[in-house]
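Me: I would like to learn how to read a structure like this one, feature by feature. Could you take me through it?

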Amino acid sequence: MTGFSANNVKAADYGLSNPRVDSEGNVTWDCAYFGSYNQTATWVKEPIKWRVLSVDENNNALIVADKNLDCKKYNETEKDVTWETCTLRSWLNGYGADSNIEGIDYSTDSFIDEAFTEEEQAAINTTTVINNDNPEFGTDGGNDTEDKVYLLSIEEVSNTEYGFESTFGSDSNTREVANTEYTEVKGAYTYYGSGFWMLRSPGSALNAVSYVGTNGMGFNDDHSVVDPSDGVRPALCINLSSASIWTEAGVTDSEGNDGVSRDNTIDNPIVENGVTTWDCIYFGSYNQTLKGWTKEPIKWRVLSVDGDDAFFIADKNLDCRKYNETKELITWEMSTLRSWLNGYGASSNGDGIDYSTDNFMNKAFTEEEQAAINTTTVINNDNHSYETDGGNNTEDKVYLLSIEEASNAAYGLENTFDYESKTREVKNTEYAKVNGAYANISSAYFGNGFWWLRSPGRNLDAVCYVNCYGSGSYDGMAVNYYDYNGVRPVININLSSSLWENAGTVTSVMTSYGEQGTESPTPTTDPEETEKPADGIEPTSEPTQAPVVTQAPASVVTPTIAPAPVQTVAPTEVSKADENVSKTDEVKTFKLSSVKIKKNTTKITGKVSVSKATVKIKVGSKAWKKATVKGKKFTFKTAKLKKNTKVQIKVSKKGYKTLKKSFKVK
């Protein structure tokens, strides 16, 4: 425990309270924005969101980061250390060389200087950090320390007053935490959206440290202090009377739902200094993370407001589907995507597919919410570059933007359609990615996806889209192009309903609540650059991979065992994957040259023939997940493998053939 006084009170006049537990055991934490740090892989700082663990009568608040903010070793080399002498403490606080066992000077390169201004640092209380021994093994916790920034202890992450499950060694969503994109790029392990996070308490020996696993279970045994895949989730105590340097950030709960405590007023987009700010709302719910395939509130950006009528676009790509199931000459009116979005019957699309019982509308909105969505006369103009017929106008509740709408400056979007622009960049949800949506992994555009428009392309068997750089394509992509483009719906709703709530703002530089980020130095570990995918119509050869199943598995099992550290030993040679390609295709394909899979391990390693390949792995019935590729070697961390578990590996290049190989664990 720390020297912080935890009283069951509300901070006077500041609107922040202690955690609350409802009748079903769901915990709700108030949240605040304080400081800023790199969180996406665009290397632009964003406000840090913190959960309030406790407030006292003196308006002091103990807060912990809402997500893992970075990925660092507890100590740079494997030595016997305590919290007092480890390098992580020195890096968090900006201490000099005499404060850690390695003699590394962090006074000019630290978390505290990177995350907080001098004024913000002054508002952080210096806390007496109590470093207890390991309660099971008796490992020495070392001297107590005086720190501004620190990690939580075993006792603190088992404290019910802070909203945590009281049993340290049990699974609990109160301790589950996600990694930021920046943290993932730095090497943090992620499983179904959750990461590992270190505690300051020692493990079973002084060269080990306690931590929390992806399913919220605490571990206090032999986890190495040099493990490179653990997230850093800082905690600190601030005085809320410094009201000018923090802002409310609504609430979050142990089910992964976010809310806001703001008035329900929204307005049209604002453009200042080339940066667009959109007001946002939550309306409806949809699968967005892989964690149990549970629905979460959908966040929408406000494109325009006219009295009680408002026009919205999804903040992220919500799914990944073909524009039309078959390659036909098709318009928006007869496309299968329009029918799926709205729940139309077989007569409403050219392929004769009945979507009346399996559709986006029914999955995303209740009957009451559907009634609040206005039916819109959707104008389907021709492609003015190629004069391709846009087809009849339609009457829809849910639809996609057109070329004209995607370049409407009044909506906060760049007015030249085929220019790269951050105003049109968009991320994919995890659910959309699992269903096949392309996501760029280069540093400047990390996580950006492609998204369909409804306007026709060069021909009626192609449709326009926006690429990951925010540039629109007049040529378009084949209407039945497989698992690539995201679905980013738009709707018009009546604001007089009480079915929506304010969700703050976002900007075209991807920051929260309209605060434009500032450039920060590129991190030591830079993400691997990839080639820009080519725009244009589908390649002549169809992709060969099997469709991704969009239904959730019967059950999702989260591993409770920490992944083994990545090894550099070359994998053993096994049979090569069959290429099955013509000589003319050979330069555009990848082959799987070797792979290492053994039972009772927590990783799968292998090699590919080209360093910039994308490797996806499926273990048993789990969803496809990306493996980490460094150079030509790839590593995938998973739960311990059992004999005869089927492992499928795909090695692909965007837009070209995909090679797939299946193995059984030895």
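Predicted model: local features only at pLDDT ≥ 70, side-chain atom pairs only at ≥ 80, totals over all residues.

Me: How many helices and strands does the chain have?

Reply: Helices (H or I, at least four residues) and strands (E, at least two) are DSSP runs, numbered from the N terminus. Here there are eight helices and 39 strands.

Me: What share of the residues is buried?

Reply: Buried means under 20% relative accessible area, exposed over 50%, and partly exposed in between (1.4 Å probe, protein chains only). Of the 666 residues in this chain, 57% are buried. Accessible areas come from the Shrake-Rupley method with a 1.4 Å probe, and for residues only the protein chains shown count as cover. The chain's accessible surface comes to about 26,600 Å², and carbon and sulfur atoms hold 45% of that.

Me: Which residues is V52 in contact with, beyond its neighbours within four places in sequence?

Reply: Contact means heavy atoms within 4.5 Å. With those neighbours left aside, V52 touches L16, S17, P19, W29, D30, C31, L62 and I63. V52 sits in strand β3 (residues 45-55) and counts as buried because its relative accessibility is 0%. D30 is 22 residues from V52 along the chain, with their C-alpha atoms separated by 5.5 Å. Across the chain, 63% of the contacts with a separation of 6 or more come from residues 24 or more positions apart.

Me: Where is G193, and is G193 buried or exposed?

Reply: G193 is in the loop between β9 (190-191) and β10 (194-195), and with a relative accessible area of 17% it is buried. Apart from neighbours within four places in sequence, G193 contacts V177, A178, N179 and E430. T289 is 96 residues away from G193 in sequence, and 6.7 Å away in space, C-alpha to C-alpha.

Me: Now the charges. How many salt bridges are there in the whole structure?

Reply: Side chains of opposite charge can pair when their charged atoms come close. A salt bridge is a side-chain nitrogen of Lys or Arg within 4 Å of a carboxyl oxygen of Asp or Glu, and a search of the whole structure finds 14. One of them joins R89 and D147 (2.8 Å, N to O). R89 lies in helix α1 (residues 87-93) and D147 in strand β7 (residues 145-147), so this pair ties together parts 58 residues apart in sequence. Both R89 and D147 are buried.

Me: Which residue does E405 pair with?

Reply: E405 forms a salt bridge with R454, their closest N and O atoms being 2.8 Å apart. This pair links distant parts of the chain, 49 residues apart: E405 is in the loop between β25 (398-399) and α8 (430-434), and R454 is in strand β26 (residues 451-456). E405 is buried at 15% relative accessibility, and R454 is buried at 4%.

Me: What about K422 and E425?

Reply: Their side chains meet in a salt bridge at 3.8 Å, N to O. K422 is partly exposed, with a relative accessible area of 37%, whereas E425 is buried at 5%.

Key:
Residues numbered from 1 in each chain as written. Heavy atoms only, no water.
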